[in-house]
Protein chains: 2
Amino acid sequence: MGTVERAGDDHTSEVESGEEEEIVGGGELAQHLMKSGVTRTDMLAAISNSIHAEAIAALPPNVRRRIRALRLLQREFVDIESKFYSEVHALECKYEKLYKPLFDKRAQIVNGIYEPTDEECVNPWRDENEEDELARAVQSAAITDGADDNNKPADDNNTAEPPMDPNVKGIPDFWYNIFRNVSMLCEMMQEHDEPILKCLQDIKVQMHDEPIGFTLEFHFAPNEYFTNTVLTKEYSMKCKPDDDSPLDFEGPEIYSCKGCEINWKKGKNVTVKTIKKKQKHKSRGSVRTVTKSVQADSFFNFFNPPTMPEDPNSTLASDIQALLTADFEIGHYIRERVVSRAVLLYTGEGLDDDDDDEYEEEEDSYSDEDSGTEEVSDAED
Amino acid sequence: MGTVERAGDDHTSEVESGEEEEIVGGGELAQHLMKSGVTRTDMLAAISNSIHAEAIAALPPNVRRRIRALRLLQREFVDIESKFYSEVHALECKYEKLYKPLFDKRAQIVNGIYEPTDEECVNPWRDENEEDELARAVQSAAITDGADDNNKPADDNNTAEPPMDPNVKGIPDFWYNIFRNVSMLCEMMQEHDEPILKCLQDIKVQMHDEPIGFTLEFHFAPNEYFTNTVLTKEYSMKCKPDDDSPLDFEGPEIYSCKGCEINWKKGKNVTVKTIKKKQKHKSRGSVRTVTKSVQADSFFNFFNPPTMPEDPNSTLASDIQALLTADFEIGHYIRERVVSRAVLLYTGEGLDDDDDDEYEEEEDSYSDEDSGTEEVSDAED
């Protein structure tokens with residue numbers, strides 16, 4: 001993927017991997033260590049590298065001393081390597097500026113602000129006639145379909161769509177179609193998000209230097225859903241080895257993200273839904289209906305990421321960590337693939353096999369979509 | 001993984017993906033196009049983007065014209081992006097020089113040429129006592145094992161190994177142990193390769209500029225297997241968009257590799273094995289035994305990669321392409337992970353979960369290893 005940052009790796013904690021190893025083959029070593037009066041913490045730390053740790057402990061002291069020297073050299077390596085990644089980030093900032101005029105022109109064409117000249121529409125490396133021929137073929141096929149209606153099922157989606165106004169401006173639904181084509185985005189998009197995402201006019205990337213990172217800007221046309229014109233998601237990355245475990249460093253890591261407040265117009269917030277609960281009175285047996293608001297599935301939850309709790313070792317923290325890891329991957333993907341290759345995701349040329357498979361499935365799953373209001377029966381007794 | 005090059009992607013050819021799409025959902029479109037007199041080649045090319053191509057063909061001509069303009073902008077983007085990757089490669093060359101003194105010192109310590117000073121063995125970010133405690137624990141556990149022999153199984157691998165000579169030089173079997181720990185390398189290593197890989201003293205990376213790429217150098221101690229002191233594997237990468245399909249460019253791709261000749265000593269070539277075939281005479285019924293040499297599984301086949309056949313569309317070519325793709329991944333992995341993080345792969349700290357799981361499995365599969373001589377019965381009748 002030609003990518004330089006790693007999108008949020010989840011490092012298994014030492015204790016966790018230790019417990020795993022215990023099952024695989026560390027059991028006996030654990031017993032040895034228990035007998036020898038080593039504390040449980042020492043033991044878990046020791047087992048975490050399983051057979052390796054034991055093998056190294058069994059080496060003569062002078063060999064273990066040399067391994068320590070190599071680890072110190074590795075520390076020096078990692079310090080130099082982190083400078084490499086800083087330089088790569090500086091290069092990325094430099095190139096983002098070079099890409100900007102192209103992306104700005106793209107946005108102007110997509111939104112009908114600029115009409116490209118004939119010269120700007122020549123693709124020397126692909127036969128244009130091919131494309132026109134396909135267009136004619138599809139058109140004449142559509143006409144044939146209409147003629148022998150009795151042979152064709154009535155719900156043929158491909159030809160049932162109304163023809164698009166030939167005087168249309170720009171490229172309608174450009175970003176919305178990208179959301180439909182890319183499985184990762186399509187999975188996040190709910191039916192009630194679709195009309196909003198049809199108003200998405202551009203996605204821009206702004207790089208930052210300190211801390212290194214980037215902001216994704218989602219630019220919207222004025223719409224009936226919210227008053228914002230831009231929604232933002234900011235990612236910060238760490239490019240230095242951690243003081244506690246410097247040798248774990250493997251390149252820049254996204255370590256935090258920040259959303260933005262969406263100023264929803266009255267009754268238009270798709271990220272909440274109303275649940276009706278029926279409550280039965282304990283003694284009287286009468287039933288009352290209570291409505292309450294809960295979070296609803298929506299792409300727009302992307303702008304309200306969870307925050308890490310105080311205690312990083314709680315169960316809640318590991319759940320949130322998993323959510324943030326997925327969030328980081330999405331942000332990284334949008335920056336690396338979606339923004340830089342938008343037209344290819346729109347035409348389908350730049351889709352992974354995975355994306356294309358998903359396309360079909362997603363179409364099906366739409367019909368099962370819930371209506372946004374749930375009936376939950378929760379009688380007390 | 002903080003990597004900038006992509007190790008050999010296998011791009012599905014247009015025709016192949018077209019046929020796949022036909023199954024998924026392009027069947028009807030194919031029929032339409034057949035009816036409309038479009039040739040099969042046009043059709044396959046058209047279907048290759050499945051629903052997307054049809055949807056785009058159905059757009060008004062002025063919208064399709066604007067999409068062409070975006071594709072031309074994308075071409076400009078890709079040209080700039082390829083310069084970015086060239087600059088990243090130049091950075092990698094620069095940093096390789098900065099890493100060199102560290103790697104050279106590592107090799108000197110590993111091979112007992114240089115003994116580190118006390119100062120060079122201090123790891124401020126990790127408790128040394130912990131390590132010593134573990135060592136003592138393992139030692140006393142081993143002694144306990146010996147004392148109550150009747151309670152322990154006799155074939156306890158962990159304690160059965162003879163204690164290592166405390167006057168040993170350097171770090172014995174450093175690279176060999178990395179091969180054992182890293183699943184990708186361990187899978188390539190055969191039992192007959194092991195004594196040879198115990199002579200491996202260093203793996204170095206040399207970067208090149210034109211064409212951009214790198215050479216892996218495997219440095220060996222004088223040994224009884226071959227006369228080479230260095231075995232090399234050279235990878236060349238392409239960092240420019242392809243003229244025929246420029247929009248497919250996604251960063252540097254390894255596109256060719258070159259091995260080296262190994263000067264095996266007599267009877268020591270582990271990459272060939274002798275097969276005995278029994279042949280029965282058609283009419284007389286007498287049986288004779290024929291011996292012939294065939295390629296044997298060995299890590300050292302890595303230095304003799306297959307070459308692409310003339311016709312890149314043949315079945316053979318796609319098989320070889322798959323082999324080369326795997327080979328590219330290995331070369332890339334050795335450069336990115338093994339050379340730069342050797343000590344962490346030796347101690348087990350830098351292993352992926354995958355590597356650790358694999359470790360156990362590999363140990364088992366060794367016992368099934370064939371002896372290098374097969375009995376094949378191939379009677380004619």
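## Briefing on strand pairing and the nonpolar core

B:Ser236 stands opposite B:Ser256 in β4(B). The model is predicted: local features need pLDDT of at least 70, side-chain atom pairs count only at pLDDT 80 or more, and totals for chains, interfaces and linings use all residues. Side-chain values use heavy atoms, without hydrogens and water.

**Strands of chain B**
- Strand β3 (residues 230-238) of chain B runs antiparallel to strand β4 (residues 253-258) of chain B, with 5 bridges joining them; two strands pair if DSSP finds at least two bridges between them.
- Strand β2 (residues 213-220) of chain B also pairs with β3(B) in the antiparallel sense, over 7 bridges.
- B:Gly213 has B:Ser236 of β3(B) as its bridge partner.

**Chain A overall**
- Chain A contains 12 helices and 7 strands, taken as DSSP runs (helices H or I, at least four residues; strands E, at least two) numbered from the N terminus.
- Of the 381 residues in chain A, 48% are buried, that is, under 20% relative accessible area with a 1.4 Å probe and protein chains only.
- The accessible surface of chain A is about 19500 Å², and carbon and sulfur atoms contribute 48% of that area, by the Shrake-Rupley method with a 1.4 Å probe.

**Nonpolar core**
- The largest nonpolar core has 155 residues, and A:Phe218, A:Phe300, B:Phe218 and B:Phe300 touch the most other members; such a core is a set of buried Ala, Val, Leu, Ile, Met, Phe, Trp, Tyr and Cys residues joined through side-chain atoms within 4.5 Å.
- Beyond its neighbours within four places in sequence, A:Phe218 has contacts including A:Phe179, A:Leu200, A:Phe299 and A:Ile334, where contact means heavy atoms within 4.5 Å.

Definitions and conventions:
Residues are numbered from 1 along each chain as its sequence is written. Chains are lettered from A and ligands numbered from 1 in the order in which they are written. Buried means under 20% relative accessible area, exposed over 50%, partly exposed in between (1.4 Å probe, protein chains only).
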